Amino acid sequence: MKSKRLFAIRKILGTEKITSQDELAIRLKKMGYRVTQSTLSRDFKELNVTKYNTKEEDPYYYIPDTTNETHSAKDEYKQHGLSAAIKSVAFS
């Protein structure tokens with residue numbers, strides 16, 4: 001059951017912009033999975049789920065380095081992620 005639930009989470013986060021764990025729990029419930037917030041937290045840790053923040057829209061969850069699914073957040077992160085935040089590096 002856990003592997004199927006993790007697959008479902010990957011699929012949802014790979015295709016939708018989920019902004020809260022409650023929202024994800026509701027989506028999973030519709031698919032037949034009943035989860036608690038603590039279960040989702042553990043699943044997020046196992047899947048390396050992170051939250052993508054932009055100024056234009058609400059933060060949403062995604063899984064970095066997904067190779068089998070198209071995910072716009074992954075592309076956006078590459079373009080606007082850490083490299084966009086660093087302006088210079090100076091050593092003392």
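Let's start where helix 1 and helix 2 meet: their crossing is right-handed, meaning that the near helix is turned clockwise from the far one by less than a right angle. Helices here are DSSP runs of H or I with at least four residues, strands are E runs of at least two, and both are numbered from the N terminus. Keep in mind that this is a predicted model, where local features need pLDDT of at least 70 and side-chain atom pairs count only at pLDDT 80 or more, while totals for chains, interfaces and linings use all residues. Residues are numbered from 1 along each chain as its sequence is written, and side-chain values use heavy atoms, with hydrogens and water left out.

Two packed helices are described by the angle between their axes and the distance between the axes. For helix 1 (residues 2–15) and helix 2, the axes come within 11 Å and cross at roughly 120°. The axes are lines fitted to C-alpha atoms over the stretch in contact, and angles run from 0 to 180 degrees between N-to-C directions. The two helices are therefore oblique to each other. On the helix 1 side, A8, I9 and I12 make the contact, and L24, R27 and L28 do so from helix 2; contact means heavy atoms within 4.5 Å. By class, there are 5 nonpolar, no polar and 1 charged residues.

Now move along to the next pair. The axes of helix 2 (residues 21–30) and helix 3 (residues 37–47) come within 10 Å and cross at roughly 100°. That makes helix 2 roughly perpendicular to helix 3, a label for angles of 65 to 115 degrees. Helix 2 brings Q21, L24, A25 and L28 to this contact, and helix 3 brings Q37, L40, S41 and F44. These residues divide into 5 nonpolar, 3 polar and no charged.

What does L28 touch, leaving aside its neighbours within four places in sequence? Its contacts are A8, I9, I12, Y33, V35 and L40. L28 also turns up in the largest nonpolar core, which has 17 residues; I9, L13, L24, L28, L40, F44 and V49 touch the most other members. Helix 1, helix 2 and helix 3 each give two or more residues to this core, and the largest share, 5 residues, comes from helix 1.

Finally, look at D65, in the loop between strand 2 (60–62) and helix 4 (72–80). D65 is exposed, with a relative accessible area of 62%; exposed means over 50%. D65 and N48 are 17 residues apart in sequence and 9.5 Å apart in space, C-alpha to C-alpha.

Definitions and conventions. Parallel < 35°, antiparallel > 145°, perpendicular 65-115°, else oblique. Nonpolar A, V, L, I, M, F, W, Y, C, P; charged D, E, K, R; others polar. Buried < 20%, exposed > 50% of the residue type's maximum accessible area, 1.4 Å probe, protein only. Core = buried A, V, L, I, M, F, W, Y, C linked by side-chain atoms within 4.5 Å.
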